[in-house]
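The exercises below concern a ligand site and the packing of helices. Work through each task before reading its solution.

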Amino acid sequence: MATPPTPDGVPFLGNGMAFSRSPFDAMEEWAQQGDVVRLTFPGQSIYLVTSPDLIEEILVERHGQFTIGRQQRKTFSGIEDDALTANTGDRWKRLRGALRPAFTWDRIEAYGPQMAERTAAHTARWDNGQMDLHREMRLLTVRILGDTLLGTDVTGDEKVIMDAADALVDRADPRRIGKLLPDWLPTLTERRFERRIAALDDYVRGVLDGHTPGDGDVCSVLLAAHDRGDLSMSEVEDNLVGLLLAGHDSSAVALTYAWYELSRHPEIARSLVEEADEIADDGLLGGDDFERLDQTRHVVKETLRLYPPTWGVNRQATESVTLGGYEIPSGAQLMIPQWVLHRDERFWEDPQTFDPSRWARDEPRPAFAYFPFSGGPRHCIGMRFARLELTMALATMATRVELDVTASGPLTFKPSLSLRPTVDIEATVTPRKLNRAD
Ligand code: HEM
């Protein structure tokens, strides 16, 4: 059987050199060579898959022949051994089943007013003037998670969550030299990571100790699963830590890029503001406004297309499989890059342009030309939560402030867990009306 093409590399580092220099350009270039391309990195090969149909096969139709990739397991190992993100097989199924009731639309929709209220209170703190936009969006998403996940106001304690997220992002950076070292050799990155995760574990344990039973937050759902004997206490703790880490960064980068683009497209910003003003009618938005906020939803969708916070998902073949006419050996690592598919001219008109109106047009394209939350049984469990949160937060902010966004240079990104900017992104704030918390 044919073997997939391998782009030219350099001795020892193979394709790793091009990836380290410019990961996103490199992936787009390699994808030109075929739907499946075999890349060589020090110590391993990775198959880059860029056909929507093959991606659907891997994630949905033949998902049983693939599991999460080695990189993902390594990234989450040692800290969240009992969390969804790090598990496979029957244990993953049981954990996913126990977490699912916390993420049904009925439950998520009820978080809408809390998300809007928190955003309004957060926005009310902004003075006229300059602020670090990405940091503010991170603080906001951490506070929203505190309210909805933990049932507690985390204001003042954000650092413990953000520090752990930073350490995780550093640990997961595929370009990190320390990744080439054996696991038993502790690097500075590893040691910092362990310290910060231990601090977050302690924090979550403290929240659980003081938690008032109720049914209003994700924590309560997990504790109820514990009471039924469906989750151990360590599984409750690790999954809360996992959700805090998975849930804060992606949403924060999406909000940052949404504002970046809105600031460059005043006419799009204007129509979003008009719609949000009309629907909010000087009050707070609720979860049931989600469907009516067409402009905001389109801006969110387009932001997740152009700047997919998860720019690629990993899988590993659990047996030898045939994919697109190629034989892929058992144990092979696969990289499925949202970044490439979301900017592919085969599926998108003018793909580099931020154009939320494309979502109002009926343009046929394969399902997996767009998959910011991945797909199949292992898709993002927080998908509905994130969509609602981004829509509520963006529309609420738009009713209260104007943001003039500047970046310290052309946008470049860190190819780690989420698509974090490597340039500073600042905003000048102008309150639109009485900046109040309602
Ligand atoms: C814009 C925001 C977000 C994006 C783009 C995003 C995207 C993703 C993607 C692509 C995956 C990987 C799925 C796979 O391997 O196939 C994932 C997994 C996951 N996400 Fe999200 N996510 C976001 C927000 C959230 C939020 C807010 C939460 C929780 C409150 C969350 C919790 C999780 C969890 C727990 C997993 C692991 C699921 C599993 O392994 O079964 N995510 N997410």
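**Exercise 1.** At what angle do helix H8 and H12 pack, and how far apart are their axes?

Solution. The model is predicted, so local features need pLDDT of at least 70 and side-chain atom pairs count only at pLDDT 80 or more, while totals for chains, interfaces and linings use all residues. Residues are numbered from 1 along each chain as its sequence is written, and side-chain values use heavy atoms, with hydrogens and water left out.

Step 1. Helices are DSSP runs (H or I, at least four residues) and strands likewise (E, at least two), numbered from the N terminus. Helix H8 covers residues 133-150.

Step 2. Axes are lines fitted to C-alpha atoms, for helices over the stretch in contact, and angles run from 0 to 180 degrees between N-to-C directions. For H8 and H12 the angle is about 140°, and the axes are 8 Å apart.

Step 3. H8 and H12 are therefore oblique to each other (under 35 degrees is roughly parallel, over 145 roughly antiparallel, 65 to 115 roughly perpendicular, and the rest oblique).

Step 4. The H8 and H12 crossing is right-handed (the near helix is turned clockwise from the far one; left-handed is anticlockwise, by less than a right angle).

**Exercise 2.** Which residues surrounding the ligand are the closest, and what is the protein donor to the iron atom?

Solution. Step 1. The ligand is surrounded by 26 residues (a heavy atom within 4 Å), and the closest are Trp92, Arg96, Arg315, Ser374 and Cys380.

Step 1. Polar contacts are pairs of N or O atoms within 3.5 Å. A polar side-chain atom of Arg96 is 2.8 Å from a ligand oxygen atom. For the side chain of Trp92 the distance to a ligand oxygen atom is 2.9 Å, and for that of Arg378 it is 2.9 Å.

Step 2. H12 gives the most to the shell, with five residues.

Step 3. The iron atom has a single donor from the protein, Cys380 (SG), 2.3 Å away (donors are N, O and S atoms within 2.8 Å of the metal, or 3.2 Å for Na, K and Ca; water is not among the atoms, so sites may look incomplete). Cys380 lies in the loop between helix H15 (338-342) and H16.

Methods:
A polar contact is a pair of N or O atoms within 3.5 Å; within protein, one must be able to donate a hydrogen and the other to accept it, and residues adjacent in sequence count only if both atoms are side-chain atoms.
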